[in-house]
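Please open the model in your viewer, with the sequence alongside, and follow the stops below in order.

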Amino acid sequence: PSLGGFDIYSARWNGYDWETPESLGYPVNSSFDDMYFFRDEAGVEAYFASNRIDPEVLKYDREYKGCCPDIYTTTFDVKAELDIAVFCGSEKLANVPYVVNGFTPRSEAPQTLDSSIALSINEQYKFETQKTGYTTAAVEILTKDICEATKFSERVYIRPLENWTITVIKEDKTPLDSVKITLKNKVTGDVLHEKITTLGTVTFSVEPTSLYEIELTKKGFLTENIEKATPAQEKLCTLEDNITLIEELPSLPSTTLHFHNAIPAKNASILLSYEETYKNYLMMVEQYKKELTNYYRNRGDATMADSTVSRVQDFFDNKVQAGFEQLQKYMVTLDQLLKRGKSVTVVLRGTASSRGNVNPEISRKMNQALSERRVNSVIKYMRTYGDLAKYMDNGMLKIQKEPLGMLIVEPQYEQKMLEDFGVYDPIAARLRSVQILDIIINN
């Protein structure tokens with residue numbers, strides 16, 4: 001279809017085929033023959049041949065039918081624009097400054113990417129982002145051979161110069177300073193950076209789609225090695241990791257775990273774990289204060305009665321509770337050591353207080369049995385922590401039991417423990433225990 005005679009059409013080559021031709025329409029086309037379209041190098045002015053009749057001629061000769069093609073010219077309003085979207089990972093950033101260079105250096109001050117950028121025809125551009133504290137990104141655009149209004153659309157990715165924040169904490173969640181963190185390229189093994197934590201934190205610069213390894217070292221703590229695979233640039237902006245360092249075991253543990261009198265009981269259907277006995281024990285602190293205070297008041301010893309509350313509270317705070325908290329720290333470290341392939345032996349000794357006027361041989365056997373129940377109570381608790389049960393079963397974690405029975409104490413203290421109040425006095429309570437004598441890391 002045409003306006004008459006030959007008309008001029010355009011079609012776009014999409015890389016593998018021609019798209020449907022479209023007429024350039026009036027006034028390029030007319031009811032006469034219009035052909036031989038040619039656009040100049042700039043793509044703005046075009047020439048074509050047409051045998052159309054000049055309106056000026058018809059003023060003088062209305063019967064004129066035309067003759068031969070003449071050359072006509074027309075202009076095209078060819079515009080080119082560029083939209084640059086700047087992202088940090090999946091987050092789009094606003095008001096990012098940029099500088100631009102073309103065929104010849106440009107001297108414009110940095111501008112802001114907040115709207116479309118008008119481009120000239122037949123020029124080569126390079127746009128470079130310059131956001132403070134971020135990496136740069138460049139977009140190159142060539143506007144040569146543009147024959148119609150064109151909008152370029154580009155997406156670029158930038159990220160903070162230091163985009164991986166590592167926070168090191170202890171088991172109690174407090175920041176850990178003076179930790180040396182070494183960043184390595186996991187593929188090549190090259191050391192890229194070494195930094196020391198301040199307020200528990202360091203930052204590194206990492207690239208997208210890369211594999212890194214960090215090594216964390218501090219005296220008194222187990223060394224930690226962690227691998228990190230960074231995501232593609234579409235998802236990498238900032239990374240944050242919290243890493244807990246585990247304290248090493250002391251060379252000679254001195255932890256003592258305390259029990260109430262005759263606990264765990266012999267006739268209990270199920271052996272209580274140490275955690276259960278510990279929680280029950282803490283609930284008895286007021287009973288201990290009351291019973292011991294009444295004893296001294298009945299004896300008329302006001303001085304001892306007044307000091308009872310503080311002595312009992314000190315025992316529960318600094319012996320009972322502190323012992324359980326120390327045991328939990330050991331469990332954390334043991335779990336980590338075993339996961340690192342170490343084999344460990346823990347030596348536990350159970351003790352008991354005096355049984356008074358009971359036959360010494362019977363007392364010895366009863367206290368040994370009670371001491372072993374206490375050791376087994378601690379072992380039962382250990383089996384509930386992390387993967388310790390698995391390591392006990394496969395032999396990597398061994399428990400050496402030493403149910404000693406009654407500890408030997410000085411005669412004056414032993415005599416006190418035989419009195420009615422003795423169960424509640426910290427002197428006797430300290431003897432009802434399981435002691436961690438040693439922790440041996442075999443390899």
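**Salt bridges across the chain**

The structure holds 15 salt bridges, a salt bridge being a side-chain nitrogen of Lys or Arg within 4 Å of a carboxyl oxygen of Asp or Glu. This is a predicted model, in which local features need pLDDT of at least 70, side-chain atom pairs count only at pLDDT 80 or more, and totals for chains, interfaces and linings use all residues. Residues are numbered from 1 along each chain as its sequence is written, and side-chain values use heavy atoms, with hydrogens and water left out.

Select Lys 151 and Glu 81, whose side chains meet in a salt bridge at 3.5 Å, N to O. The pair links distant parts of the chain, with Lys 151 in strand 13 (residues 150-157) and Glu 81 in strand 6 (residues 80-88), 70 residues apart; helices (H or I, at least four residues) and strands (E, at least two) are DSSP runs, numbered from the N terminus. Lys 151 counts as partly exposed because its relative accessibility is 49%, and Glu 81 counts as partly exposed at 32%; here buried means under 20% relative accessible area, exposed over 50%, and partly exposed in between, with a 1.4 Å probe and protein chains only.

Next, select Arg 159 and Glu 207, where the salt bridge has an N to O distance of 2.4 Å. Arg 159 is in the loop between strand 13 and strand 14, while Glu 207, 48 residues apart from it, is in the loop between strand 17 (201-204) and strand 18 (211-217). Arg 159 is buried, with 13% relative accessibility, whereas Glu 207 is partly exposed at 40%.

Move on to Glu 372 and Lys 401, which form a salt bridge at 3.5 Å, N to O. This pair also links distant parts of the chain, Glu 372 lying in helix 5 (residues 360-383) and Lys 401 in strand 23 (residues 397-406), 29 residues apart. Glu 372 has a relative accessible area of 33% and is partly exposed, and Lys 401 is partly exposed at 36%.

**Enclosed and open space**

Rolling a probe the size of a water molecule over the atoms shows where empty space is left. On a 1 Å grid over the protein atoms alone, a cavity is a set of points where a 1.4 Å probe fits but cannot get out, and a pocket is an open set with protein on both sides within 12 Å along at least five of seven lines; lining residues have an atom within 4 Å of a point. Grid points are joined across faces, edges and corners, and a volume is the space filled by probe spheres set on the points.

By this rule there is one cavity of 30 Å³ or more, and the largest cavity holds about 30 Å³ of space. To display its lining, select Ile 84, Tyr 98, Leu 113, Phe 127, Glu 128, Thr 129, Ala 137, Val 139 and Val 156. Strand 11 (residues 124-129) gives the most to this lining, with three residues. The lining divides into seven nonpolar residues, one polar and one charged, where Ala, Val, Leu, Ile, Met, Phe, Trp, Tyr, Cys and Pro count as nonpolar, Asp, Glu, Lys and Arg as charged, and the others, Gly among them, as polar.

For the second largest pocket, with about 280 Å³ of space, select Glu 171, Glu 247, Glu 325, Lys 329 and Tyr 330, which lie nearest its centre among 16 lining residues. Six of the lining residues are nonpolar, three polar and seven charged.

**Backbone details in loops**

Select Tyr 26 and Pro 27, where the peptide bond is cis with omega near 10°; Pro 27 lies in the loop between strand 2 and strand 3. Then go to Ile 263 and Pro 264, joined by a cis peptide bond with omega near 0°, Pro 264 being in the loop between strand 21 (256-258) and helix 2 (274-282).

Finish at Lys 173, a residue other than glycine whose phi is positive, near 75°. Lys 173 is in the loop between strand 14 (164-169) and strand 15 (180-185), and it counts as exposed at 62% relative accessibility.
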